[in-house]
Amino acid sequence: MFIIGKILTMIMMPTALLVEILLIGLLLRRFLFGRALVTFAAAAFAICLFFPVDQWAIRPIEDRFPQVRTPPEHVDGIIVLGGSIDCLTSQDRQTPVTGAAGDRLTTFVALARRYPDAKLVFTGGSGDIEQGITNEAKWVRLIFESLGLSDDRVIYENRSRTTRENATDSFALVHPKPDETWILVTSASHMPRSVGVFRKAGWRVLPWPVGYVSRDHIHNYSLSLGNRFAILDWAAHEWIGMAAYRLRGWTDAFFPKPEKTD
């Protein structure tokens, strides 16, 4: 199911879908239906270029859980999700290479210094279709050591392949107590799905979103169509992921929201 899910997700991304529609249209261009597909694909590309579709798609996800403005005085633990490392490039170059979510790691280190007595957990193995080539925890360990975070302070969960496994495997590893305060660090756009599976696992966490890509001032957005589609694909990845997790019973809500506080 892991491999099937990965393949289905790839072919359902907006960029892939539009290319697929365009290719089918070109193959069937003799027919009215084929020409309609080409027109649709061209129009969709133009809309994504001239309108902030990517921002409209990702902004609601990033804003679902607010930034923490008043940090708690006491924290029992801090957990950061994998997804920050370009594992294949790191393996090829034999040095850690961070991707767009690198601030998950820097935020984790900053919080570790702020709360020196907190338990620290990194969770992430490999999300690649072909397993066993590399492992994210290996490269994260090197980054943490270079930033002065002692290796004996961090518990590394290095087998998980998905966000759900991040939650369940880490829970089984550290056994958090119901009354403990744990900070969950991940990208803002990834936070709703992450909180959903952690809650389902019985783990109450304080969401600490980082790595925002949407902006208040839309007129300042990127003019690069490639960058727009990268953000749109990531937004689609999360919307599809939340729907799939809800359908499979891995979360209790399609779009998890903050808990009510008195």
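I take buried to mean under 20% relative accessible area, with exposed over 50% and partly exposed in between. The model I consulted is a predicted one.

**Entry 1. Lys-119 and Glu-180**

I looked up Glu-180 against that cut-off and found 14% relative accessibility, so Glu-180 counts as buried. Its partner in a salt bridge is Lys-119, with the closest N and O atoms 3.8 Å apart. I noted that Lys-119 belongs to strand S2 (residues 119-123), while Glu-180 sits in the loop between helix H8 (163-174) and strand S4 (182-187); the pair therefore ties together parts that are 61 residues apart in sequence. Lys-119 itself is partly exposed, at a relative accessible area of 38%.

**Entry 2. Further salt bridges**

I recorded eight salt bridges in the structure. One of them joins Asp-151 to Arg-141, where the closest N and O atoms are 2.8 Å apart. Here Arg-141 lies in helix H7 (136-146) and Asp-151 in the loop between H7 and strand S3 (154-157), a separation of 10 residues. Asp-151 is partly exposed, with a relative accessible area of 30%, and for Arg-141 I read 30% and the class partly exposed.

I then examined Arg-193, which forms a salt bridge with Glu-238 at 3.0 Å between the closest N and O atoms. This pair links helix H9 (residues 191-200), which holds Arg-193, to helix H10 (residues 225-247), which holds Glu-238, across 45 residues. Arg-193 counts as buried at 7% relative accessibility, and Glu-238 counts as buried at 0%.

**Entry 3. The sheet**

I traced an open sheet of five strands in the order S3-S2-S1-S4-S5, with parallel pairing. S3 and S5 stand at the edges with a single partner strand each, so one side of each has no neighbour in the sheet. On average, neighbouring strands are turned by 20° against each other, direction ignored. Between S1 and S4, which run parallel, I found four bridges. Val-80 stands opposite Val-185 in S4.

Next I checked the helices that meet these strands. H7 lies across S2 and S3, and runs at about 160° to S3. H9 packs on the sheet and touches S1, S4 and S5, its direction making about 145° with that of S4.

**Entry 4. Nonpolar cores**

I looked up the largest nonpolar core, which has 26 residues; Ile-78, Phe-122, Phe-144, Leu-149, Ile-183 and Val-185 touch the most other members. At least two residues of this core come from each of strand S1 (77-81), helix H6 (103-114), S2, H7, S3, S4 and strand S5 (205-210). Apart from this core lies another, of 16 residues, including Val-174, Leu-184, Phe-198 and Tyr-245.

Leaving aside neighbours within four places in sequence, Val-185 is in contact with Ile-78, Ile-79, Val-80, Leu-81, Arg-104, Thr-107, Leu-111, Trp-208 and Val-210.

**Entry 5. Annotated spans**

From the unreviewed UniProt entry I took the annotation "transmembrane region", which covers residues 7-27 and 33-53. I compared this record with the model. Residues 7-27 are 95% helix and 0% strand, with the end C-alpha atoms 23 Å apart. For residues 33-53 I noted 90% helix and 0% strand, and a distance of 26 Å between the end C-alpha atoms.

Definitions and conventions: Residues are numbered from 1 along each chain as its sequence is written. This is a predicted model: local features need pLDDT of at least 70, side-chain atom pairs count only at pLDDT 80 or more; totals for chains, interfaces and linings use all residues. Side-chain values use heavy atoms; hydrogens and water are left out. UniProt positions are given in the numbering used here, feature names are shortened, and annotations may be inferred rather than shown by experiment. A salt bridge is a side-chain nitrogen of Lys or Arg within 4 Å of a carboxyl oxygen of Asp or Glu. Buried means under 20% relative accessible area, exposed over 50%, partly exposed in between (1.4 Å probe, protein chains only). A nonpolar core is a set of buried Ala, Val, Leu, Ile, Met, Phe, Trp, Tyr and Cys residues joined through side-chain atoms within 4.5 Å. Contact means heavy atoms within 4.5 Å. Two strands pair if DSSP finds at least two bridges between them. Axes are lines fitted to C-alpha atoms, for helices over the stretch in contact, and angles run from 0 to 180 degrees between N-to-C directions.
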